[in-house]
Amino acid sequence: MTDCIFCKIIDGEIPSYTVYEDDVVKAFLDISQTTPGHTLVIPKKHVQDMFTYDEDLAAAVFARLPKIARAVKASNPDIKGMNIINNNGEVAYQSVFHSHIHLVPRYSEDDEFAIDFTDNTEKYDDAKYKAIQESIVSKMEDEK
Ligand code: 5GP
Ligand code: ZN
């Protein structure tokens with residue numbers, strides 16, 4: 001894609017601090033460095049988001065995550081854990097529409113990354129869970 005910033009990074013038109021590259025993915029430092037070592041892993045094929053991957057591409061991209069994550073973690077003894085995040089759609093904070101996976105090293109609970117899952121358990125009963133379950137399961141038929 002000609003006007004895609006990450007395709008330009010893949011092509012070398014825009015420089016990046018690359019930490020890993022092969023025929024399927026490129027991994028490079030996120031410019032924002034939310035925490036030190038914040039890395040993006042992108043497929044070399046331009047796909048917009050998770051909804052547009054096929055199984056083969058997903059298998060190839062996601063298979064590479066453990067070794068990249070291990071290398072990032074091993075790069076700094078202060079890294080205690082890592083959030084691996086993939087945003088899909090503007091509403092989900094996606095700002096670059098070439099799919100990417102964030103590897104965000106975690107140093108402590110008070111470092112500069114935060115994620116806050118609201119717990120709505122108390123608002124749900126069996127019927128509500130089942131209604132959602134059934135609507136998703138019915139759509140899985142279309143995925144076969
Ligand atoms: P999103 O918000 O779409 O999940 O994440 C996009 C990420 O791309 C952001 O964290 C942002 O810092 C990063 N980013 C945007 N432009 C560039 C760039 O030109 N180079 C690099 N290395 N990262 C970028
Ligand atoms: Zn692209």
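This is a predicted model: local features need pLDDT of at least 70, side-chain atom pairs count only at pLDDT 80 or more; totals for chains, interfaces and linings use all residues.
Some overall numbers. The C-alpha trace spans about 50 × 40 × 25 Å along its principal axes. There are 144 residues, and 35% of them are buried. The accessible surface is about 9900 Å², with 54% of that belonging to carbon and sulfur atoms. If you take contacts with a separation of 6 or more, residues 24 or more positions apart account for 51% of them.

Now, the zinc ion, ligand 2. Which protein atoms are its donors? They're Cys 4 and Cys 7 through SG, plus His 46 and His 98 through ND1, lying 2.0 to 2.3 Å from the zinc. Along the chain, these donors follow the spacing C-x2-C-x38-H-x51-H. Take Cys 7 and His 98: this pair links distant parts of the chain, 91 residues apart. Cys 7 is in helix H1, residues 5–11, while His 98 is in the loop between strand S4 (81–85) and strand S5 (101–106). Both Cys 7 and His 98 are buried.

And why call the site tetrahedral? Because the angles subtended by the four donor atoms around the zinc are 103 to 117 degrees, and the criterion for four donors is that all angles lie between 85 and 135 degrees.

Strands S1 and S2 form it, with three residues between them. S1 covers residues 18–21 and S2 covers 25–29, and they pair in the antiparallel sense over three bridges. If you want a spot to look at, Thr 18 stands opposite Phe 28 in S2.

Definitions and conventions:
Residues are numbered from 1 along each chain as its sequence is written. Chains are lettered from A and ligands numbered from 1 in the order in which they are written. Side-chain values use heavy atoms; hydrogens and water are left out. Donors are N, O and S atoms within 2.8 Å of the metal (3.2 Å for Na, K and Ca); water is not among the atoms, so sites may look incomplete. Four donors count as tetrahedral if all angles lie between 85 and 135 degrees; four count as square planar and six as octahedral if opposite donors are over 155 degrees apart and all others between 65 and 115; anything else is irregular. Helices (H or I, at least four residues) and strands (E, at least two) are DSSP runs, numbered from the N terminus. Buried means under 20% relative accessible area, exposed over 50%, partly exposed in between (1.4 Å probe, protein chains only). Two strands pair if DSSP finds at least two bridges between them. Contact means heavy atoms within 4.5 Å. Accessible areas come from the Shrake-Rupley method with a 1.4 Å probe; for residues, only the protein chains shown count as cover.
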